[in-house]
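Here's a quick tour of a protein model for someone just getting started. Have a look at the sequence and the structure first, then we'll walk through a few spots together.

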Amino acid sequence: MDAYTYIKKSDENLRNAIHKAYGKKCFYCGEKINMNQLEVDHIIPICVTTKPTTTEMEDYFNELEEKNFIKDCIANYLPACSHCNKQKGNQYLAVGNLRYYHEQTIRHTNKVLKLMEKFRYAKEDPKKEREFEALSRGKDYIQKKTISETPHDCVYAYGLGAVRVNAFLPMKLKGELACLILFKQNGLIDCNLSLDEIDIKTYFFEGYKTGVTTSRNYIWYIDSDVFAIKLPNNRFSSDFETAEQLSIIFDDLYDEYYKRKDVLLNTVGATYFEEVDKGEFLLLSLPKNIWLGMVDFAQKHDHFIGDSEWDIFKPLSLVDNDHIMIYKNHLDNTKADVLAELYVKDMSRSYVDVVWKAGYTSHFRDMEGFDNKSKWKADYTHGWILNEFIPYLIYLNAPDDRNFLQRIYKRKLSLEEFKAGFDYRKFGIFSRSLNEPDD
Ligand SMILES: [Zn+2]
């Protein structure tokens, strides 16, 4: 049974279902009506094969005929109060109106059918009604959008009738977006397509807000009213309703995903850095010799042994010169709180990119503790390297540069004075923060 299957408008289950599916209101004036007042109105009052009055109307009727449209079917029924029904009488409406009304009935068809089934069960056996509801709960294609969050996951659910999507939104930087798509369409009804983040971005986020067009990667081609859907390992023909609902739901999921992503980025201070890998952000580009100077310094400032404010690094072997781990300074030798981690992606180049990864401690969860004490945010780490770490290194290790400034000041400079006059750009260091103007 579908929108165009023959059914008499006096059918009791149908009347009940239409009443409920359209919110117990007259579709035309919006007035609340009870079951006794309900009149099921034929949108097109007589058989479509008879006397169209304009060519536009004729075209529309031909269109309907191709869909095997008949007078007595769900696609042609709307709930009306007796006043509106009488006023409408037997006259034709403008084609624009007809098209709109028919779109509405098609949109409501799944709901009407489902309610009819429910009422049929209820009549047969009241106990069965509850059973049916339990069974269909997992496959309710109409579902108000919900986002429910537990400490372990964040589930997004949204269904418009032909399609329902259940998605898992990421709760941490390394978390992945994933989703399950359920189709009401015959032949796909028991087929749950599961997609990972790359697939979702490729097939659905590309072409965001472009409507039902082939700018969307999931729409392979459109041939009049056939919408060819292309998904990873799946190709099938579908209708406008399915294609449109996919676009509406995934545009909405796009918004929700990036809204959440912004919150996560903000929590770790990474809003203005390029994410080069999941949860890893590009902070700086600098000459390799400066990076090697940083590694060398880190190797001499073991957080387990030293007691100066600079003894905050994990001791590293010489081979491991592409990583710097910044620890909390612990003289009790028992804790290992990592404030942040830095690494260089490609050590073979003379200019290297320095990437930030979140630190970790035993007493905070992944997204907690970014207060720049327990864990360092990306922007804080970035500022610390440029304004503290590198100036200090150069102050200690590059007497030429220090002397240059000292000549200008005509006396020996303190570290604080040196830092105040320090400009990292003169050393070929580039900030990769997207928040700063490039020069
Ligand atoms: Zn009315």
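In what order do the strands of the open sheet of 3 strands come? The order is 8-9-10, and the pairing is antiparallel. Keep in mind that this is a predicted model. Overall, the protein chain has 439 residues, and 28% of them count as buried.

**The open sheet and the helix across it**

- The edges of this sheet are strand 8 (219-223) and strand 10 (234-238), and each of them pairs on one side only.
- On average, neighbouring strands here are turned by 15 degrees against each other, if you ignore direction.
- Strand 9 (residues 226-231) pairs with strand 10 over 5 bridges, in the antiparallel sense.
- Helix 7 (residues 240-267) lies across strand 8, strand 9 and strand 10, and it runs at about 45 degrees to strand 9.

- Helix 8 covers residues 288-299, which makes 12 residues.
- From first C-alpha to last, helix 8 reaches 16 Å, close to the 16 Å expected at 1.5 Å a residue.
- Which residues of helix 8 are buried? They are Ile290, Trp291, Met294 and Ala298.
- Looking down the axis of helix 8, you'd see its buried residues fall within an arc of 100 degrees, so they line one face of the helix.
- Here's the general idea: an α-helix has 3.6 residues a turn, so residues three or four places apart point the same way.
- The buried residues of helix 8 pack against helix 9 (378-397) and several strands, namely strand 12 (280-287), strand 13 (323-327), strand 14 (338-344) and strand 15 (351-360).

- Why can we call strand 14 largely enclosed by the rest of the structure? It's because 5 of its 7 residues are buried, and a residue counts as buried when 20 or more other C-beta atoms lie within 10 Å of its own.
- Strand 13 pairs with strand 14 in the antiparallel sense over 5 bridges, and one of the bridge pairs is Met325 with Glu341.
- Strand 14 also runs antiparallel to strand 15, with 6 bridges joining the two.
- Val344 has Val354 in strand 15 as its bridge partner.
- Strand 14 and strand 15 make a hairpin, with 6 residues between them.

**Strand 2, covered on both faces**

- Strand 2 (residues 77-80) is covered on both faces: Tyr77 and Pro79 are buried on one side, and Leu78 and Ala80 are buried on the other.
- Strand 1 (residues 39-42) pairs with strand 2 in the antiparallel sense over 4 bridges.
- In that pairing, Glu39 has Ala80 as its bridge partner.

- Tyr4 sits in the segment before helix 1 (12-21).
- Is Tyr4 buried, exposed or partly exposed? It counts as partly exposed because it has 16 C-beta neighbours inside 10 Å.
- Tyr4 and Phe69 are 65 residues apart in sequence, yet their C-alpha atoms are 5.7 Å apart in space.
- Setting aside neighbours within four places in sequence, Tyr4 is in contact with Lys67, Asn68, Phe69, Ile70, Cys73 and Ala75.
- Across the protein chain, 56% of the contacts with a separation of 6 or more are between residues 24 or more positions apart.

How values were computed
Residues are numbered from 1 along each chain as its sequence is written. This is a predicted model: local features need pLDDT of at least 70, side-chain atom pairs count only at pLDDT 80 or more; totals for chains, interfaces and linings use all residues. A residue is buried if 20 or more other C-beta atoms lie within 10 Å of its own, exposed if 12 or fewer, and partly exposed in between; C-beta atoms are placed from the backbone. Two residues are in contact if their C-beta atoms, placed from the backbone, lie within 7 Å. The expected span of a helix is 1.5 Å times one less than its number of residues. The arc is that of the directions from the helix axis to the C-beta atoms. Two strands pair if DSSP finds at least two bridges between them. Axes are lines fitted to C-alpha atoms, for helices over the stretch in contact, and angles run from 0 to 180 degrees between N-to-C directions.
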